[in-house]
Amino acid sequence: MAPIDLSTTYLGLRLANPFVAGASPLGDHLDTVRRLEDAGCAAIVLHSLFEEQISERDTGLIRHMDRVDPQFATVLSYFPEPASYALEPDAYLEHLRRVKAAVKIPVIGSLNGTTPEAWLTFATLIQQAGADAIELNAYTVVTDPGESAPTVERALRQIVADLKRELKIPVAVKLSPFFTAFANVAHELDKAGADGLVIFNRFLQPDIDIPLLAVWPHLELSDSRELLLRLRWLAILRGKVRASLAVTGGVATPNDAFKALLAGADVIQMVSAILRHGPSFFALMRAELLRWMESLEVAGLDAIRGRLSLANTESPGAFERAQYIRTLSGWTSWLGYQAYVRSHAKQRSERPS
Ligand SMILES: Cc1cc2nc3c(=O)[nH]c(=O)nc-3n(C[C@H](O)[C@H](O)[C@H](O)COP(=O)(O)O)c2cc1C
């Protein structure tokens, strides 16, 4: 049999395999970046540079507010001081140049923000520093009751259109699942020129510390349970958008990666699994993918990708609704309902006729 080809195309970039290091501190140190490449990681997304950092550097303002203006003191105290970010904007560009010089795999810069404003021009500096692509993370929690879904979606579309107009390198958008009509949002971003959709952002979910009567923001690494939401949307979007599809969130084992490919992912981003097991986990994922493909007797990822997507399902909406109804109607609990049914069956059989 011919050797198995693990290569894939993401954002128009040819990658040796589908495994990518997602935006995180994994790209912060050159020795880690080299170890990731040595282990077979096919591309690296650097951690994000935030809109707030860039606009404060350029204008002294954060979201049009001045730190020295007393009326904004409380709001702006929520944001870190410029020096407490991992890297300030100019240092980010320098770091990107160093990472590019240290490895041969594509390096993707990450911007994190939500407004289609002047800060976006920083993307051209990231391009000049040598990034192979830009990932835009549009993390936001819309809390203003006066801000409507169309307003939020329009701003997102505008950011993508602005970036596409400014840049020659490809642009991926890392998205939240919390849209009323996510398929439409994906379609509109596709039309605006997004080269890739990265699904999905994990939302920070602060807990409450009862003894301290305080909110406790914390970050937990993910596990496979988070994958299912992503699988659903990969399967729905496969074949419906021109943009490449990346999964992020909940790929913890080789089986998770196989599922993401079957649902329709072009690439698989991993962060938590690599933070837990180290860069060599990329080698394990790659080896297990090869083994699985050998067992299926397939020569390349095209034979697998999207095989379980809804691309050929006549009415995906009806299919999803029907699955929902069947699942609820067919539910039985081993411990509860089954025991109940058995005891009734026993009582019935013991009842004198
Ligand atoms: C410590 C840490 C730092 C992260 N930093 C960023 C970041 O700067 N930008 C970003 O878009 N995502 C960031 N993420 C989110 C990851 O890129 C990824 O989307 C998320 O962890 C889900 O993937 P996983 O299940 O493989 O961890 C970070 C995650 C972790 C755990």
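1. Helices, of at least four residues, and strands, of at least two, are taken here as DSSP runs numbered from the N terminus. On that basis the protein chain of this predicted model holds 13 helices and 14 strands.

2. As for overall dimensions, the C-alpha trace of the protein chain spans about 90 × 60 × 40 Å along its principal axes, and 47% of the 353 residues count as buried. Its accessible surface comes to about 18,700 Å², with 55% of that belonging to carbon and sulfur atoms. When contacts between residues at least 6 apart in sequence are considered, 70% of them join residues at least 24 apart.

3. The ligand is surrounded by 18 residues, and the closest of these are Ala-23, Ser-48, Asn-137, Ser-222 and Ser-272. By class, this shell is made up of 7 nonpolar, 9 polar and 2 charged residues, and strand E4 (43-50) and helix H10 (272-277) each supply at least two of its members.

4. In the side chain of Ser-222, an N or O atom is 2.4 Å from a ligand oxygen, while a backbone N or O atom of Ala-23 lies 2.6 Å from an oxygen atom of the ligand, and a polar backbone atom of Val-271 is 2.9 Å from a ligand oxygen. On its own the ligand has 610 Å² of accessible area, of which the protein covers 86%.

5. The largest nonpolar core has 82 residues, and the members that touch the most others are Leu-197 and Met-270. Helix H8 (residues 227-237) gives the most to this core, contributing 7 residues. Beyond its neighbours within four places in sequence, Met-270 is in contact with a set of residues that includes Phe-19, Val-20, Leu-26, Val-251, Phe-281 and Met-285. Another core, of 15 residues, lies apart from the largest one, and among its members are Ile-108, Ala-133, Ala-172 and Ala-246.

6. Helix H9 (residues 254-263) deserves a separate look. Because 8 of its 10 residues are buried, H9 is largely enclosed by the rest of the structure; the buried residues include Pro-254, Asp-256, Phe-258 and Leu-262. The cover over the buried residues of H9 includes strand E3 (19-21), H8, strand E13 (244-248), strand E14 (267-270) and helix H11 (281-296). After H9 comes Gly-264, which has a positive phi, near 135°.

Terms used
Residues are numbered from 1 along each chain as its sequence is written. This is a predicted model: local features need pLDDT of at least 70, side-chain atom pairs count only at pLDDT 80 or more; totals for chains, interfaces and linings use all residues. Side-chain values use heavy atoms; hydrogens and water are left out. A residue is near a molecule or strand if one of its heavy atoms lies within 4 Å of it. A polar contact is a pair of N or O atoms within 3.5 Å; within protein, one must be able to donate a hydrogen and the other to accept it, and residues adjacent in sequence count only if both atoms are side-chain atoms. Accessible areas come from the Shrake-Rupley method with a 1.4 Å probe; for residues, only the protein chains shown count as cover. Ala, Val, Leu, Ile, Met, Phe, Trp, Tyr, Cys and Pro count as nonpolar, Asp, Glu, Lys and Arg as charged, and the others, Gly among them, as polar. A nonpolar core is a set of buried Ala, Val, Leu, Ile, Met, Phe, Trp, Tyr and Cys residues joined through side-chain atoms within 4.5 Å. Buried means under 20% relative accessible area, exposed over 50%, partly exposed in between (1.4 Å probe, protein chains only). Contact means heavy atoms within 4.5 Å.
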